Amino acid sequence: MSERKVLNKYFPPDFDPALIPRRKGPKNSQQVVRLMAPFSMRCNTCGEYIYKGKKFNARKETVEGEDYYGIKIFRFYIKCTLCSAEITFKTDPKNTDYAAEHGASRNFEPWREEKAVEEEDRLAKLEEEENNPMKALENRTVDSKREMDVLDALHDIRARNARNERTGQSDDIVARLGREEVLSPEEEQRRREEEEDERLVREVFSKVAMPAVAGPSHQPGEGSDETPAPAMVTVKRKADDVEPDLKSLLPESTRAMVNTIVSGPLQPAKKKKADNTKSLGIKLVKKKVAAS
């Protein structure tokens, strides 16, 4: 028996998701979703109260022709728990809440309280200004200052948008890069100094080819055409000095060996005469058999 909650699924090696046929449906099809009532409401048909948090199997769809600054608005369909009358409500992005649409009325709407509070504050402000002329002058000064700040910010935004439209994003980046290259002579001087340092290092530390010397382990024979490969040696010298001769840098023993190789090839070593003495120092003697 398979497990109830399986997270890993098996996909065969020849599985290709592109071959799965796409499901065709209407453009604005309804989906069945599980949700809770976002607010307390009362059914208009039977008067049943539906409390906030009651769970429903609702149908969801996108409202056609309505949005709030590009934000989509969704509509939900539920049924009354007593008379099964259809109730609809939709999202309200303006107030970050939900709004009852049909079949039920909301018991409490918070934005109505906010409007009442704003109206009371406005009336209290007008009454205070009537009794105190200095307070009215202060309020007008604050309002005018706020309007000027808003106009300045709006002017800056419009100027920035106009500049971006004229130049374009890519042209602005290219111009900024070119301006950085033109207005940075210090970086250009630093780059020239680094190139000069690298050239000086290459002149001081240079690798030269040194002729290989045949050691005792490598004795060329008479018929051998093998020539030892030259070795690369790193030579350090002063930057303002003349390059010395390679042989003058070698020790006396190596210089003599190189002169010997250059003057004439080495003579092959003579093979020792084979004797009957083994490596352990035992000498073998052959006995002569007398003829009968």
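In this tour, a residue is called buried under 20% relative accessible area, exposed over 50%, and partly exposed in between, with a 1.4 Å probe and protein chains only. The model is predicted, so local features need pLDDT of at least 70 and side-chain atom pairs count only at pLDDT 80 or more, while totals for chains, interfaces and linings use all residues. Residues are numbered from 1 along each chain as its sequence is written, and side-chain values use heavy atoms, with hydrogens and water left out.

**First stop: a salt-bridge network**

Select Arg75, which is buried, at a relative accessible area of 15%. Its partner Glu101 forms a salt bridge with Arg75, and the closest N and O atoms are 2.8 Å apart. A salt bridge here is a side-chain nitrogen of Lys or Arg within 4 Å of a carboxyl oxygen of Asp or Glu. Because Glu101 lies in strand 7 (residues 97-102) and Arg75 in strand 5 (residues 71-79), the pair ties together parts that are 26 residues apart in sequence. Strands (E, at least two residues) and helices (H or I, at least four) are DSSP runs, numbered from the N terminus. Glu101 itself is partly exposed, at 35% relative accessibility.

How many salt bridges does a search of the whole structure find? The search finds ten. One of them joins Glu66 and Lys90, with 3.1 Å between the closest N and O atoms. This pair links distant parts of the chain, since Glu66 is in strand 4 (residues 55-68) and Lys90 in strand 6 (residues 86-92), 24 residues apart. Lys90 is buried, at 18% relative accessible area, whereas Glu66 is partly exposed, at 34%.

Next select Asp97 and Arg106, whose side chains meet in a salt bridge of 3.0 Å, N to O. Are these two residues buried or exposed? Both Asp97 and Arg106 are buried.

Select Cys43, Cys46, Cys80 and Cys83, where an unreviewed UniProt entry places the feature "binding site". These residues are spread over 41 residues of sequence, yet they cluster in space, with a largest C-alpha distance of 8.9 Å. UniProt positions follow the numbering used here, feature names are shortened, and annotations may be inferred rather than shown by experiment. Cys46 is in the loop between strand 2 (41-43) and strand 3 (49-50), and it is partly exposed, at 34% relative accessible area.

Go to Ser84 in the loop between strand 5 and strand 6. Ser84 has a positive phi of about 60°, although it is not a glycine. Thr96, in the loop between strand 6 and strand 7, likewise is not a glycine but has a positive phi, of about 50°. Thr96 is exposed, with a relative accessible area of 72%.

**Last stop: helix 4**

Finally, select Glu193 in helix 4 (residues 185-204). Glu193 is partly exposed, at a relative accessible area of 44%.
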